[in-house]
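Open the model in your viewer and keep the selection tool at hand. The tour goes from one selection to the next and says what is there.

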Amino acid sequence: MADLKKLAEEIVGLTLLEAQELKTILKDEYGIEPAAGGAVMMAGPADGAGAAAEEKTEFDVILVAAGAQKINVIKEVRGITGLGLKEAKDLVEAGGKAVKEGVDKAEAEEIKGKLEAAGAEVELK
């Protein structure tokens with residue numbers, strides 16, 4: 001049996017380039033891909049049987065367009081993010097930017113509702 005402590009020390013000592021190469025080898029030759037938490041997960045059956053779809057738990061609230069009532073949208077963005085007036089105005093005028101990232105579904109829906117009520121076009125990713 002392999003010396004697991006030595007193996008762990010070697011993995012921890014890898015450079016970013018070596019880690020990327022190891023990831024590619026594990027994926028291409030063995031069908032192993034890194035999971036979301038960084039743990040290694042085995043690939044499922046080739047036909048996809050038994051693969052359970054994971055429900056997304058974190059969302060990004062993206063401001064697509066400010067709409068006709070830009071001032072109201074800026075006020076809402078300031079309230080949601082805590083940004084200053086200039087920063088909130090820049091975010092709203094830029095469009096396509098994330099107002100809030102990595103929030104749960106309930107909070108994302110609440111923020112989306114507030115922004116849409118102010119006249120903005122919003123999407124969740």
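Start with a pair of helices. Select Lys70, Val73, Ile74, Val77 and Arg78 in helix 3, then Leu85, Ala88, Lys89, Leu91, Val92 and Glu93 in helix 4: these two groups are in contact, where contact means heavy atoms within 4.5 Å. By class, the contact of helix 3 with helix 4 has seven nonpolar, no polar and four charged residues. Here Ala, Val, Leu, Ile, Met, Phe, Trp, Tyr, Cys and Pro count as nonpolar, Asp, Glu, Lys and Arg as charged, and the others, Gly among them, as polar.

A word on the source before going on. This is a predicted model, in which local features need pLDDT of at least 70 and side-chain atom pairs count only at pLDDT 80 or more, while totals for chains, interfaces and linings use all residues. Residues are numbered from 1 along each chain as its sequence is written, and side-chain values use heavy atoms, with hydrogens and water left out.

Now show helix 3 and helix 4 as cartoons. Their axes are 9 Å apart and the helices pack at an angle of about 120 degrees. Axes are lines fitted to C-alpha atoms, for helices over the stretch in contact, and angles run from 0 to 180 degrees between N-to-C directions. Helix 3 and helix 4 are therefore oblique to each other; angles under 35 degrees count as roughly parallel, over 145 as roughly antiparallel, 65 to 115 as roughly perpendicular and the rest as oblique.

Next, select helix 3 (residues 70-81) with helix 5 (residues 105-117), whose axes come within 8 Å and cross at roughly 155 degrees. That makes helix 3 roughly antiparallel to helix 5. Which residues make the contact? On helix 3 they are Val73, Glu76, Val77 and Ile80, and on helix 5 they are Ile111, Lys114 and Leu115. Five of the residues in this contact of helix 3 with helix 5 are nonpolar, none is polar and two are charged.

Hide the helices and turn to the strands. An open sheet of three strands has the order 4-3-5, with antiparallel pairing; two strands pair if DSSP finds at least two bridges between them. Strand 4 (97-103) and strand 5 (121-124) stand at the edges, each with a single partner strand, so one side of each is left without a neighbour in the sheet. From one strand to the next, the twist averages 20 degrees.

Select strand 3 (residues 59-65) with strand 4, which pair over four bridges. Ile62 has Ala98 of strand 4 as its bridge partner, and Val61 stands opposite Lys100 in strand 4. Ala65 stands opposite Glu121 in strand 5.

Bring back helix 4 (residues 85-94). Helix 4 lies across strand 3 and strand 4, and runs at about 100 degrees to strand 4.

Finish with the whole chain. How many helices and strands does the protein chain have? There are five helices and five strands, where helices (H or I, at least four residues) and strands (E, at least two) are DSSP runs, numbered from the N terminus. Along the sequence they follow the pattern α-α-β-β-β-α-α-β-α-β. Of the 125 residues, 17% count as buried, that is, under 20% relative accessible area with a 1.4 Å probe, protein chains only.

Key:
Buried means under 20% relative accessible area, exposed over 50%, partly exposed in between (1.4 Å probe, protein chains only).
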